Amino acid sequence: MLLFQEGNKRQLREASAHPPSSERYVHTFRDLSNFSGTINVTYRYLAGTPLNRKKYLTIGLASVKRKRGNYLLETIKSIFDQSSYEELKEIVVVVHLADFDLVWCENQVQEITRKFAHHIIAGRLLVIQAPEEYYPSLDGLKRNYNDPEDRVRFRSKQNVDYAFLLNFCTNLSHFYMMLEDDVRCSRNFLTALKKVITSREGTYWVMLEFSKLGYIGKLYHSRDLPRLAHFLLMFYQEMPCDWLLIHFRGLLAQKDVIRFKPSLFQHMGYYSSYKGAENKLKDDDFEEDSIDIPDNPPASLYTNINVFENYDATKAYSTVDEYFWGKPPSTGDFFVIVFNKPIKISKIRIATGSDDRQNDLLHHGVLEVGEKLVGTKKGKQCSSFITLGEFKKGKIEVQDVDHKIAFDIECVRIVVTGNQKEWLIIRSISLWTTQPPSQ
(Lines give C-alpha, C1' and ligand atoms only; values in the text may rest on other atoms or scores of the structure.)
Protein backbone atom coordinates (compact mmCIF):
# COMPACT_ATOMS: atom_id res chain seq x y z
CA MET A 1 0.00 0.00 0.00
CA LEU A 2 1.34 3.42 -0.92
CA LEU A 3 1.10 5.90 1.93
CA PHE A 4 0.57 8.81 -0.43
CA GLN A 5 -0.27 7.78 -3.95
CA GLU A 6 1.20 9.61 -6.92
CA GLY A 7 -2.30 9.75 -8.43
CA ASN A 8 -3.49 11.77 -5.48
CA LYS A 9 -0.66 14.24 -5.93
CA ARG A 10 -1.65 14.61 -9.58
CA GLN A 11 -5.32 15.06 -8.60
CA LEU A 12 -4.39 17.85 -6.21
CA ARG A 13 -2.37 19.66 -8.86
CA GLU A 14 -5.04 19.25 -11.55
CA ALA A 15 -7.77 20.47 -9.23
CA SER A 16 -5.79 23.60 -8.45
CA ALA A 17 -5.33 24.26 -12.18
CA HIS A 18 -9.04 23.80 -13.03
CA PRO A 19 -11.42 25.68 -10.69
CA PRO A 20 -14.80 24.00 -10.13
CA SER A 21 -17.73 25.05 -12.35
CA SER A 22 -20.69 27.20 -11.28
CA GLU A 23 -22.74 23.97 -10.98
CA ARG A 24 -20.50 22.68 -8.16
CA TYR A 25 -22.99 23.20 -5.31
CA VAL A 26 -25.88 21.17 -6.71
CA HIS A 27 -24.92 17.69 -5.51
CA THR A 28 -23.98 18.91 -2.02
CA PHE A 29 -27.65 19.20 -1.09
CA ARG A 30 -29.04 16.46 -3.31
CA ASP A 31 -29.50 14.02 -0.43
CA LEU A 32 -30.80 16.35 2.28
CA SER A 33 -34.27 14.80 2.09
CA ASN A 34 -32.79 11.58 3.49
CA PHE A 35 -31.21 12.57 6.79
CA SER A 36 -30.36 8.99 7.75
CA GLY A 37 -28.25 8.39 4.64
CA THR A 38 -24.72 9.54 3.96
CA ILE A 39 -24.00 12.51 1.71
CA ASN A 40 -22.76 11.63 -1.78
CA VAL A 41 -19.18 12.93 -1.72
CA THR A 42 -16.23 11.38 -3.55
CA TYR A 43 -13.31 11.76 -1.16
CA ARG A 44 -9.64 11.82 -2.03
CA TYR A 45 -7.66 9.32 0.03
CA LEU A 46 -4.38 11.10 0.70
CA ALA A 47 -2.92 8.53 3.11
CA GLY A 48 -4.12 5.16 4.33
CA THR A 49 -7.26 3.17 3.59
CA PRO A 50 -10.11 2.12 5.93
CA LEU A 51 -10.03 -1.38 7.41
CA ASN A 52 -12.95 -3.75 6.95
CA ARG A 53 -13.35 -4.29 10.70
CA LYS A 54 -15.26 -1.68 12.71
CA LYS A 55 -13.22 -0.12 15.52
CA TYR A 56 -14.56 1.02 18.89
CA LEU A 57 -13.78 4.73 18.39
CA THR A 58 -13.06 7.07 15.51
CA ILE A 59 -11.32 10.35 16.34
CA GLY A 60 -11.96 13.05 13.76
CA LEU A 61 -9.84 16.15 13.08
CA ALA A 62 -10.36 18.81 10.42
CA SER A 63 -7.35 21.01 9.72
CA VAL A 64 -6.67 24.10 7.61
CA LYS A 65 -3.59 26.22 6.99
CA ARG A 66 -2.95 28.68 9.82
CA LYS A 67 -1.34 32.08 9.50
CA ARG A 68 0.63 31.44 12.71
CA GLY A 69 1.42 28.11 14.35
CA ASN A 70 0.54 24.61 13.22
CA TYR A 71 -0.37 22.06 15.87
CA LEU A 72 -1.79 19.18 13.80
CA LEU A 73 1.27 16.91 14.05
CA GLU A 74 1.48 17.48 17.82
CA THR A 75 -2.21 16.59 18.17
CA ILE A 76 -1.84 13.34 16.23
CA LYS A 77 1.27 12.49 18.25
CA SER A 78 -0.56 13.12 21.53
CA ILE A 79 -3.43 10.80 20.51
CA PHE A 80 -1.04 7.94 19.78
CA ASP A 81 1.47 8.59 22.57
CA GLN A 82 -1.22 8.73 25.26
CA SER A 83 -2.72 5.39 24.20
CA SER A 84 -1.54 1.93 25.22
CA TYR A 85 -0.88 -0.80 22.66
CA GLU A 86 -4.24 -2.40 23.50
CA GLU A 87 -6.05 0.93 23.17
CA LEU A 88 -4.45 1.61 19.78
CA LYS A 89 -6.13 -1.52 18.42
CA GLU A 90 -9.53 0.04 19.07
CA ILE A 91 -9.13 3.50 17.53
CA VAL A 92 -8.83 5.04 14.09
CA VAL A 93 -7.85 8.68 13.55
CA VAL A 94 -9.25 10.47 10.49
CA VAL A 95 -7.68 13.78 9.45
CA HIS A 96 -9.62 15.91 6.96
CA LEU A 97 -7.21 18.33 5.31
CA ALA A 98 -9.83 20.94 4.52
CA ASP A 99 -7.76 23.72 2.99
CA PHE A 100 -8.18 24.68 -0.66
CA ASP A 101 -4.43 25.36 -0.90
CA LEU A 102 -3.50 22.02 -2.42
CA VAL A 103 0.25 22.60 -2.19
CA TRP A 104 -0.14 23.03 1.58
CA CYS A 105 -2.20 19.84 1.71
CA GLU A 106 0.47 17.91 -0.17
CA ASN A 107 3.17 19.15 2.20
CA GLN A 108 1.05 18.19 5.24
CA VAL A 109 0.49 14.69 3.90
CA GLN A 110 4.20 14.22 3.36
CA GLU A 111 4.93 15.33 6.94
CA ILE A 112 2.21 13.09 8.36
CA THR A 113 3.35 10.03 6.41
CA ARG A 114 6.96 10.63 7.39
CA LYS A 115 6.17 10.83 11.12
CA PHE A 116 3.33 8.30 11.41
CA ALA A 117 3.99 5.74 8.67
CA HIS A 118 3.55 2.72 10.97
CA HIS A 119 0.15 3.97 12.19
CA ILE A 120 -0.99 4.47 8.59
CA ILE A 121 0.14 0.99 7.60
CA ALA A 122 -1.67 -0.46 10.66
CA GLY A 123 -4.92 1.23 9.56
CA ARG A 124 -4.99 3.56 12.56
CA LEU A 125 -4.56 6.80 10.61
CA LEU A 126 -6.34 8.05 7.50
CA VAL A 127 -5.89 11.39 5.75
CA ILE A 128 -8.69 12.48 3.43
CA GLN A 129 -9.95 15.50 1.53
CA ALA A 130 -13.41 16.49 0.31
CA PRO A 131 -12.81 18.28 -3.03
CA GLU A 132 -13.69 21.97 -3.25
CA GLU A 133 -16.38 21.37 -5.88
CA TYR A 134 -18.57 19.67 -3.25
CA TYR A 135 -18.68 22.79 -1.06
CA PRO A 136 -21.72 25.07 -1.13
CA SER A 137 -21.24 28.77 -1.89
CA LEU A 138 -19.05 30.61 0.60
CA ASP A 139 -19.78 34.04 -0.91
CA GLY A 140 -22.58 36.44 -0.02
CA LEU A 141 -23.43 34.59 3.20
CA LYS A 142 -25.81 35.85 5.90
CA ARG A 143 -24.00 38.09 8.37
CA ASN A 144 -25.68 36.92 11.56
CA TYR A 145 -24.50 38.37 14.89
CA ASN A 146 -22.96 41.27 12.96
CA ASP A 147 -19.86 39.16 12.26
CA PRO A 148 -17.51 40.54 9.60
CA GLU A 149 -17.76 38.90 6.20
CA ASP A 150 -14.47 37.00 6.47
CA ARG A 151 -15.45 35.64 9.89
CA VAL A 152 -18.78 34.40 8.50
CA ARG A 153 -16.97 32.75 5.61
CA PHE A 154 -14.48 31.07 7.98
CA ARG A 155 -17.07 29.62 10.37
CA SER A 156 -19.43 28.61 7.55
CA LYS A 157 -16.69 26.72 5.76
CA GLN A 158 -15.70 25.10 9.06
CA ASN A 159 -19.25 23.74 9.43
CA VAL A 160 -18.98 22.15 6.00
CA ASP A 161 -15.48 20.82 6.77
CA TYR A 162 -16.88 19.03 9.82
CA ALA A 163 -19.98 17.82 7.95
CA PHE A 164 -17.86 16.11 5.32
CA LEU A 165 -15.59 14.64 8.02
CA LEU A 166 -18.55 13.24 9.99
CA ASN A 167 -20.07 11.86 6.80
CA PHE A 168 -16.86 9.99 5.95
CA CYS A 169 -16.56 8.48 9.45
CA THR A 170 -20.10 7.08 9.67
CA ASN A 171 -19.26 3.38 9.30
CA LEU A 172 -15.75 3.19 10.72
CA SER A 173 -16.59 2.54 14.39
CA HIS A 174 -19.29 2.34 17.04
CA PHE A 175 -18.52 5.75 18.57
CA TYR A 176 -17.10 9.00 17.22
CA MET A 177 -15.07 11.66 19.03
CA MET A 178 -14.61 15.15 17.59
CA LEU A 179 -11.35 16.91 18.38
CA GLU A 180 -9.81 20.07 17.02
CA ASP A 181 -6.34 20.12 15.46
CA ASP A 182 -4.62 21.80 18.43
CA VAL A 183 -5.38 19.46 21.32
CA ARG A 184 -3.46 17.53 23.96
CA CYS A 185 -4.91 14.26 25.30
CA SER A 186 -4.85 12.78 28.78
CA ARG A 187 -3.14 9.45 29.30
CA ASN A 188 -5.29 6.39 28.47
CA PHE A 189 -8.21 8.60 27.50
CA LEU A 190 -9.87 5.70 25.64
CA THR A 191 -10.05 3.56 28.78
CA ALA A 192 -11.62 6.49 30.63
CA LEU A 193 -14.11 7.00 27.77
CA LYS A 194 -15.09 3.34 27.74
CA LYS A 195 -15.69 3.39 31.47
CA VAL A 196 -18.02 6.38 31.11
CA ILE A 197 -19.86 4.83 28.14
CA THR A 198 -20.37 1.61 30.11
CA SER A 199 -21.72 3.59 33.08
CA ARG A 200 -24.32 5.20 30.77
CA GLU A 201 -25.66 1.90 29.41
CA GLY A 202 -29.44 1.89 29.50
CA THR A 203 -29.64 5.71 29.50
CA TYR A 204 -30.39 7.96 26.54
CA TRP A 205 -27.76 10.36 25.29
CA VAL A 206 -26.86 12.10 22.05
CA MET A 207 -23.62 13.85 22.99
CA LEU A 208 -21.24 13.31 25.91
CA GLU A 209 -18.69 16.04 26.56
CA PHE A 210 -15.14 15.47 27.77
CA SER A 211 -13.99 19.09 27.49
CA LYS A 212 -15.85 22.32 28.05
CA LEU A 213 -14.14 24.09 25.12
CA GLY A 214 -15.37 24.49 21.54
CA TYR A 215 -15.76 21.38 19.44
CA ILE A 216 -13.21 19.47 21.54
CA GLY A 217 -13.97 16.13 23.18
CA LYS A 218 -17.55 15.72 21.96
CA LEU A 219 -18.63 12.07 21.73
CA TYR A 220 -21.44 10.67 19.55
CA HIS A 221 -22.88 7.33 18.57
CA SER A 222 -21.67 6.75 15.02
CA ARG A 223 -25.25 6.03 13.96
CA ASP A 224 -26.06 9.73 14.56
CA LEU A 225 -23.29 11.05 12.31
CA PRO A 226 -25.31 11.20 9.06
CA ARG A 227 -27.99 13.33 10.69
CA LEU A 228 -25.40 15.59 12.30
CA ALA A 229 -23.56 15.98 8.98
CA HIS A 230 -26.80 16.92 7.21
CA PHE A 231 -27.67 19.32 10.03
CA LEU A 232 -24.33 21.14 9.81
CA LEU A 233 -24.70 21.42 6.04
CA MET A 234 -28.26 22.67 6.18
CA PHE A 235 -27.44 25.47 8.65
CA TYR A 236 -23.80 26.00 7.70
CA GLN A 237 -24.10 29.78 7.34
CA GLU A 238 -26.28 30.42 10.40
CA MET A 239 -23.87 30.13 13.35
CA PRO A 240 -20.60 28.52 14.57
CA CYS A 241 -20.41 24.74 14.84
CA ASP A 242 -20.24 24.64 18.63
CA TRP A 243 -23.57 26.53 18.77
CA LEU A 244 -25.15 24.29 16.15
CA LEU A 245 -24.26 21.14 18.06
CA ILE A 246 -26.19 22.45 21.10
CA HIS A 247 -29.29 22.79 18.92
CA PHE A 248 -28.67 19.33 17.44
CA ARG A 249 -28.64 17.50 20.77
CA GLY A 250 -31.71 19.49 21.88
CA LEU A 251 -33.63 18.50 18.75
CA LEU A 252 -32.78 14.87 19.49
CA ALA A 253 -34.25 15.31 22.99
CA GLN A 254 -31.10 15.54 25.10
CA LYS A 255 -32.08 18.61 27.04
CA ASP A 256 -29.08 19.02 29.34
CA VAL A 257 -25.32 19.07 28.90
CA ILE A 258 -23.72 15.77 30.00
CA ARG A 259 -20.14 16.76 30.70
CA PHE A 260 -17.60 14.69 32.59
CA LYS A 261 -14.78 15.74 34.85
CA PRO A 262 -11.87 15.60 34.74
CA SER A 263 -11.64 16.74 31.12
CA LEU A 264 -9.74 14.33 28.88
CA PHE A 265 -8.61 16.89 26.29
CA GLN A 266 -6.87 20.26 26.53
CA HIS A 267 -6.63 23.09 24.02
CA MET A 268 -2.93 23.70 23.39
CA GLY A 269 -2.92 26.06 20.40
CA TYR A 270 -1.84 29.62 21.12
CA TYR A 271 -2.92 31.02 17.75
CA SER A 272 -6.40 30.55 16.29
CA SER A 273 -6.92 29.09 12.81
CA TYR A 274 -8.98 32.25 12.14
CA LYS A 275 -6.53 35.01 11.11
CA GLY A 276 -3.88 33.71 13.50
CA ALA A 277 -5.46 35.62 16.38
CA GLU A 278 -4.34 34.78 19.91
CA ASN A 279 -6.43 32.09 21.61
CA LYS A 280 -5.38 31.44 25.19
CA LEU A 281 -8.43 29.36 26.17
CA LYS A 282 -7.59 26.52 28.55
CA ASP A 283 -9.79 23.91 30.21
CA ASP A 284 -9.08 24.13 33.93
CA ASP A 285 -10.77 20.73 34.48
CA PHE A 286 -8.17 18.94 32.35
CA GLU A 287 -5.93 16.36 34.02
CA GLU A 288 -2.99 14.69 32.29
CA ASP A 289 -3.70 11.46 34.17
CA SER A 290 -7.46 10.90 34.26
CA ILE A 291 -7.47 7.11 34.08
CA ASP A 292 -8.71 7.13 37.68
CA ILE A 293 -12.36 7.72 36.72
CA PRO A 294 -14.66 5.94 39.22
CA ASP A 295 -16.80 2.92 38.25
CA ASN A 296 -19.96 3.87 40.20
CA PRO A 297 -21.89 0.65 39.45
CA PRO A 298 -25.71 0.81 38.93
CA ALA A 299 -27.58 1.57 42.14
CA SER A 300 -30.62 3.18 43.76
CA LEU A 301 -30.18 6.13 46.12
CA TYR A 302 -32.26 7.07 49.16
CA THR A 303 -32.05 9.83 51.77
CA ASN A 304 -34.26 11.18 54.53
CA ILE A 305 -32.56 14.60 54.31
CA ASN A 306 -34.91 17.29 53.00
CA VAL A 307 -33.93 17.78 49.34
CA PHE A 308 -33.72 21.34 47.95
CA GLU A 309 -35.53 21.81 44.62
CA ASN A 310 -34.20 19.33 42.01
CA TYR A 311 -30.78 18.70 43.61
CA ASP A 312 -31.78 15.10 44.29
CA ALA A 313 -29.74 12.19 45.65
CA THR A 314 -28.80 10.72 42.25
CA LYS A 315 -26.79 13.85 41.39
CA ALA A 316 -24.18 13.10 44.06
CA TYR A 317 -23.53 9.72 42.45
CA SER A 318 -23.27 11.00 38.89
CA THR A 319 -19.91 11.48 37.18
CA VAL A 320 -21.37 14.58 35.57
CA ASP A 321 -20.75 18.06 37.00
CA GLU A 322 -23.74 18.20 39.42
CA TYR A 323 -24.45 17.56 43.12
CA PHE A 324 -26.96 16.74 45.88
CA TRP A 325 -28.14 19.68 48.01
CA GLY A 326 -30.22 19.24 51.14
CA LYS A 327 -31.51 21.36 54.00
CA PRO A 328 -29.71 21.19 57.38
CA PRO A 329 -29.40 17.53 58.45
CA SER A 330 -29.83 16.19 61.99
CA THR A 331 -28.15 13.42 63.97
CA GLY A 332 -29.16 10.05 62.57
CA ASP A 333 -30.06 11.30 59.09
CA PHE A 334 -28.72 9.12 56.30
CA PHE A 335 -27.85 8.98 52.61
CA VAL A 336 -27.67 5.43 51.27
CA ILE A 337 -26.62 3.79 48.00
CA VAL A 338 -28.17 0.35 47.32
CA PHE A 339 -26.46 -1.56 44.51
CA ASN A 340 -28.35 -3.53 41.87
CA LYS A 341 -26.17 -6.51 42.74
CA PRO A 342 -23.55 -7.19 45.45
CA ILE A 343 -20.09 -5.90 44.58
CA LYS A 344 -16.51 -5.78 45.80
CA ILE A 345 -15.21 -2.24 46.29
CA SER A 346 -11.53 -1.27 46.29
CA LYS A 347 -11.83 2.44 47.04
CA ILE A 348 -14.46 4.98 48.18
CA ARG A 349 -14.03 8.75 47.95
CA ILE A 350 -16.71 11.25 49.02
CA ALA A 351 -16.52 15.04 48.93
CA THR A 352 -19.05 17.45 50.41
CA GLY A 353 -19.37 21.23 50.16
CA SER A 354 -18.43 23.25 47.09
CA ASP A 355 -16.13 26.08 46.07
CA ASP A 356 -19.09 28.48 46.17
CA ARG A 357 -20.56 27.17 49.42
CA GLN A 358 -17.62 25.89 51.40
CA ASN A 359 -19.58 25.68 54.66
CA ASP A 360 -22.31 23.46 53.19
CA LEU A 361 -20.28 20.37 54.01
CA LEU A 362 -20.86 17.42 56.30
CA HIS A 363 -19.46 18.64 59.62
CA HIS A 364 -20.06 15.37 61.53
CA GLY A 365 -20.58 12.03 59.83
CA VAL A 366 -19.38 8.48 59.23
CA LEU A 367 -19.14 6.20 56.22
CA GLU A 368 -20.53 2.66 56.43
CA VAL A 369 -20.85 -0.37 54.14
CA GLY A 370 -23.59 -2.96 54.53
CA GLU A 371 -25.01 -6.35 53.57
CA LYS A 372 -28.20 -8.43 54.08
CA LEU A 373 -30.61 -6.43 51.95
CA VAL A 374 -34.21 -6.17 53.17
CA GLY A 375 -37.28 -4.35 51.89
CA THR A 376 -38.79 -1.49 53.93
CA LYS A 377 -41.61 0.99 53.39
CA LYS A 378 -39.02 3.55 52.29
CA GLY A 379 -37.27 1.18 49.85
CA LYS A 380 -34.51 -1.37 50.13
CA GLN A 381 -31.98 -1.11 52.93
CA CYS A 382 -29.20 -3.21 54.42
CA SER A 383 -29.76 -4.67 57.86
CA SER A 384 -26.11 -4.98 58.83
CA PHE A 385 -23.45 -2.23 58.57
CA ILE A 386 -19.75 -1.80 59.36
CA THR A 387 -18.19 1.65 59.83
CA LEU A 388 -15.19 2.45 57.59
CA GLY A 389 -14.28 5.88 58.98
CA GLU A 390 -15.24 9.46 59.86
CA PHE A 391 -15.52 12.49 57.60
CA LYS A 392 -12.74 15.04 58.10
CA LYS A 393 -13.40 18.58 56.86
CA GLY A 394 -16.27 17.25 54.80
CA LYS A 395 -14.26 14.57 53.00
CA ILE A 396 -13.41 10.91 53.32
CA GLU A 397 -11.35 8.47 51.27
CA VAL A 398 -10.94 4.80 52.16
CA GLN A 399 -8.46 2.62 50.25
CA ASP A 400 -8.32 -1.21 50.08
CA VAL A 401 -11.94 -1.64 51.16
CA ASP A 402 -11.98 -5.16 49.69
CA HIS A 403 -9.11 -6.12 52.04
CA LYS A 404 -10.94 -4.75 55.09
CA ILE A 405 -14.43 -6.11 54.36
CA ALA A 406 -14.98 -9.85 53.91
CA PHE A 407 -18.49 -9.73 52.40
CA ASP A 408 -19.71 -8.49 49.02
CA ILE A 409 -21.11 -5.01 49.62
CA GLU A 410 -24.79 -4.31 48.97
CA CYS A 411 -25.05 -0.80 50.47
CA VAL A 412 -22.86 2.25 51.12
CA ARG A 413 -24.26 4.66 53.71
CA ILE A 414 -23.40 8.14 54.96
CA VAL A 415 -24.74 8.74 58.49
CA VAL A 416 -24.95 12.20 60.07
CA THR A 417 -23.57 12.09 63.63
CA GLY A 418 -24.26 15.67 64.73
CA ASN A 419 -26.87 18.38 64.10
CA GLN A 420 -25.73 21.24 61.88
CA LYS A 421 -27.17 24.64 60.98
CA GLU A 422 -25.69 24.66 57.50
CA TRP A 423 -27.22 23.02 54.45
CA LEU A 424 -25.47 19.97 53.00
CA ILE A 425 -23.94 19.59 49.54
CA ILE A 426 -22.68 16.12 48.62
CA ARG A 427 -20.54 17.04 45.65
CA SER A 428 -19.34 13.62 44.58
CA ILE A 429 -19.50 9.98 45.60
CA SER A 430 -16.84 7.96 43.77
CA LEU A 431 -16.53 4.20 43.97
CA TRP A 432 -13.94 1.92 42.41
CA THR A 433 -14.80 -1.76 42.11
CA THR A 434 -12.50 -4.77 42.13
CA GLN A 435 -12.62 -6.24 38.65
CA PRO A 436 -12.73 -10.04 38.29
CA PRO A 437 -9.46 -11.48 36.90
CA SER A 438 -11.15 -12.30 33.56
CA GLN A 439 -11.93 -8.64 32.78
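Is Phe308 buried, partly exposed or exposed? In this predicted model, the relative accessibility of Phe308 is 21%, so the residue counts as partly exposed; the limit for a buried residue is under 20%. Tyr311, with a relative accessible area of 23%, is likewise partly exposed. The rings of Phe308 and Tyr311 form a stacked aromatic pair, with 5.9 Å from centre to centre and 10 degrees between the planes. Phe308 also pairs with Trp423, here in an edge-to-face arrangement with a centre-to-centre distance of 5.0 Å and an angle of 70 degrees between the planes. This second pair links distant parts of the chain, 115 residues apart. Phe308 belongs to the loop between strand 10 (299-303) and helix 10 (314-317), whereas Trp423 belongs to the loop between strand 17 (409-416) and strand 18 (424-433). Trp423 has a relative accessibility of 27% and therefore counts as partly exposed. Together with Tyr323 and Trp325, the residues Phe308, Tyr311 and Trp423 make up one aromatic cluster. In total, 19 aromatic pairs are present in the structure.

The protein as a whole comprises 11 helices and 18 strands. Of its 439 residues, 55% count as buried. Among contacts between residues at least 6 apart in sequence, 79% join residues that are at least 24 apart.

Two aromatic rings carry a charged side chain over the face, as follows. Arg413 lies over the face of Phe385, at 3.7 Å from the ring centre. Lys157 is placed over the face of Phe100, and in this case the distance to the ring centre is 5.0 Å.

The structure contains 1 disulfide. The bond is formed by Cys382 and Cys411, with an S to S distance of 2.1 Å. The angle about the S-S bond is 85 degrees, and the link of Cys382 and Cys411 is right-handed. Cys169 is buried, with a relative accessible area of 0%, and Cys241 counts as buried at 5% relative accessibility.

Helix 8 (residues 225-234) is mostly covered, with 8 of its 10 residues buried. These buried positions are Leu225, Pro226, Leu228, Ala229, His230, Phe231, Leu232 and Leu233. The elements against which the buried residues of helix 8 pack are helix 6 (149-169), strand 5 (173-178), strand 8 (218-221) and helix 9 (241-251).

Two individual residues illustrate positions brought together from separate parts of the sequence. His119 is located in helix 5 (residues 117-121) and is buried, its relative accessible area being 7%. Leaving aside residues up to four places away in sequence, His119 touches Phe80, Leu88, Arg124 and Leu125. The C-alpha atoms of His119 and Gly48 are 9.0 Å apart in space, although the two residues are 71 residues apart in sequence. Trp432 is located in strand 18, and at 6% relative accessibility this residue counts as buried. Between Trp432 and Lys344 the C-alpha to C-alpha distance is 8.8 Å, with a separation of 88 residues in sequence.

The largest cavity holds about 60 Å³ of space. The residues that line the largest cavity are Thr49, Pro50, Leu51, Arg53, Lys55, Val92, Gly123, Leu126 and Leu172.

Methods: Residues numbered from 1 in each chain as written. Predicted model: local features only at pLDDT ≥ 70, side-chain atom pairs only at ≥ 80, totals over all residues. Heavy atoms only, no water. Buried < 20%, exposed > 50% of the residue type's maximum accessible area, 1.4 Å probe, protein only. Helix = DSSP H or I, 4+ residues; strand = E, 2+ residues; numbered from the N terminus. Contact = heavy atoms within 4.5 Å. Phe/Tyr/Trp six-rings, centres within 6.5 Å; stacked < 30°, edge-to-face > 60°. Lys NZ or Arg CZ within 6 Å of the ring centre and 35° of its normal. Disulfide = S-S within 2.5 Å. 1 Å grid on protein atoms, 1.4 Å probe; cavity = no way out; pocket = protein on both sides within 12 Å on 5 of 7 lines; lining within 4 Å. Points joined across faces, edges and corners; volume = space filled by probe spheres on them.
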